[in-house]
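Here is a short briefing on one protein chain. Look at the sequence and the structure first, then read the points below.

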Amino acid sequence: MMDRSSYILLLLTLSYLVGEMGHFLLGATSRDIAREVGYGDKACFPGENGTSVTCRQRKDEASCEIVGDGGGQDCSWDYTGLGMEYQVLAGPAFIAVFTVSGVIFGITADYMNRLRLLGCAVLVYSIAISLMGFATNYWQLVLLRMLLAAGESACSPICVSLISDLFSEKSRGIATGILHLGVYVGFGLSQAAGIYLTRADIFGRGWRSVYILTGLPGIVISFLMVFMKDPRGVDQPIAVPSTSQTSSFLELKKGETKYLQIPLKSEDDNNNPATKATFMDDMRSLYNCLFSPFMLMMFLGASCRHSAGFTWAYNCRLYFLSYYPDNDVGKYFTFSAIIGGASGVLIGGAIADRLAYKGVPDSEIDDNQGQLRGSRIRLYVLGVSMLLASPFAVGVLALSPPFAFISLFCYYLLAETWFGILFVTLVEVAPNKLKTSILGIFLFMMNNTGGNIPVALDPLSKTIGYRESLYILYPGMMVLSGVFFLLSVFPLRHQIAMKTKSQ
């Protein structure tokens, strides 16, 4: 029978899956939505007698709609699903709310029942997804997309915080990997549903039925969550008592945190009103943590990686529609994202967990050198995997189907290790009392930067070309992220060395 920790992890993963399906359905259905609602750029498409080659060569509406010799219309002038309106809908309209709401949820979750709060958030974004199926104007899509973002922003800070309380340090990587299966399964299913269910024209509503059906499971999941107790302080994993004479890193000097040199009251102090940390103490600790050299380097790496992921996720379907319109790529997308992405995130989490504490006795996992080794190895795995994935990202754009999807599969195996490893590392170095707040603010900065960079694709593609712009914002950003993650090892080592000397 499934234990409570596993059951909660299952609910978290399923809620993430629904949210990510709704998030990325836009990329798979944008052309269908644009042609019905009316937004974005237009181009010349094959008509009754035209071919994709001859029609693509016609750059204006007048030349596109010339009637052929047989009396039929060779081409038609219609919406592409791309353009600045699409990029705004996919990026800033989502990110602007997502980032602010993430901070609010992150801070609020430190003082409320996290499962109940997350259940309410899941209900909000599930309803928003379903309502998108009834939108008739662009502004309605924008508002519902913002509502989706507001609800989904709760997932990362609250879910990662819950996992840190439910699972031990040695198993958090794989648990976080299971959580982020929801991202890749959700993305893969969004491509399959957006392409094939739209074609199936369920209930005669085309793309609209896809959105309506996608939101319904989330509503059920939300009601399962809101009546559950928060595991904070109840189901936390029990640490193995240390037999070493060396003090734990948490006990360097009374009340100091692990790595980030932040004053954190001990458990006894928090129960003593005379020494209990004030709100201003917490804010100073939060500031010192977020602006430490280590955290800034992690922020740069995460922002570049997030930008690369969003650039590809928002444009993958439209890229193949633009360059390979006659290829049915839906099944390739689904297989690559679900099998490749899911395998990558699980394997990456397992490898990072195994290497981080390989040869380290359980009694030493919580001491200085054990924690140093664990975090350092995780960052090496993170940086190297991003650099190894970059050539495969180039292959996705340089090769034609199906070879492009072989490269995409390899890319997912290597690149999708990042999210779980990143947040496990942040949880391990952050003070327990402030970890949800730190995660929420970190997500705010990461999403606000990385999530808005893809908007540059539209003006850049009009200057140097669509594919050429993707080379810069997709594999180019992957390389930068790997470099920054590897560089983040050095300030972390320096901070820990300074702390070790002070003992």
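Which hand does the crossing of α14 and α17 have? The crossing of α14 and α17 is left-handed. A crossing is left-handed if the near helix is turned anticlockwise from the far one by less than a right angle, and right-handed if clockwise.

This is a predicted model: local features need pLDDT of at least 70, side-chain atom pairs count only at pLDDT 80 or more, and totals for chains, interfaces and linings use all residues. Residues are numbered from 1 along each chain as its sequence is written, and side-chain values use heavy atoms, with hydrogens and water left out.

**The whole chain**

- The chain has 23 helices and 2 strands. Helices (H or I, at least four residues) and strands (E, at least two) are DSSP runs, numbered from the N terminus.
- Of the 503 residues in the chain, 58% are buried. Buried means under 20% relative accessible area, exposed over 50%, and partly exposed in between (1.4 Å probe, protein chains only).
- Take the contacts between residues at least 6 apart in sequence: 82% of them join residues at least 24 apart. Contact means heavy atoms within 4.5 Å.

**Helices α14 and α17**

- Helix α14 covers residues 293–323 and helix α17 covers residues 403–415. Their axes come within 14 Å and cross at roughly 155 degrees. That makes α14 roughly antiparallel to α17.
- Axes are lines fitted to C-alpha atoms, for helices over the stretch in contact, and angles run from 0 to 180 degrees between N-to-C directions. Angles under 35 degrees count as roughly parallel, over 145 as roughly antiparallel, 65 to 115 as roughly perpendicular and the rest as oblique.
- On the α14 side, R305, W312 and F320 make the contact.
- Ala, Val, Leu, Ile, Met, Phe, Trp, Tyr, Cys and Pro count as nonpolar, Asp, Glu, Lys and Arg as charged, and the others, Gly among them, as polar.

**Helices α1 and α8**

- Helix α8 spans residues 155–166. It packs with α1 at an angle of about 165 degrees, with the axes 11 Å apart. The two helices are therefore roughly antiparallel to each other.
- The crossing of α1 and α8 is left-handed.
- From α1, the contact uses S5, I8, L9, L12 and Y16. From α8, it uses C155, S156, C159, L162, I163 and L166.
- These residues divide into 9 nonpolar, 2 polar and no charged.

**Two residues in α1**

- S15 sits in helix α1, residues 4–37. S15 is buried, with a relative accessible area of 0%.
- A polar atom of the S15 side chain lies 2.7 Å from the backbone oxygen of L12.
- Beyond four places away in sequence, S15 touches V122, Y125, I221 and M225.
- G22 is also in helix α1. G22 is buried, at a relative accessible area of 1%.
- G22 and L148 are 126 residues apart along the chain, yet their C-alpha atoms are separated by 7.8 Å.
- Leaving out residues up to four places away in sequence, G22 touches I129, R145, L148 and T214.

**A loop residue**

- H180 lies in the loop between α9 (172–179) and α10 (181–200). H180 counts as buried, with 0% relative accessibility.
- The C-alpha atoms of H180 and T13 are 6.8 Å apart, across 167 residues of chain.
- Apart from neighbours within four places in sequence, H180 is in contact with Y16, V345, F419 and G420.

Key
Polar contact = N/O pair within 3.5 Å; in protein donor to acceptor, adjacent residues only side chain to side chain.
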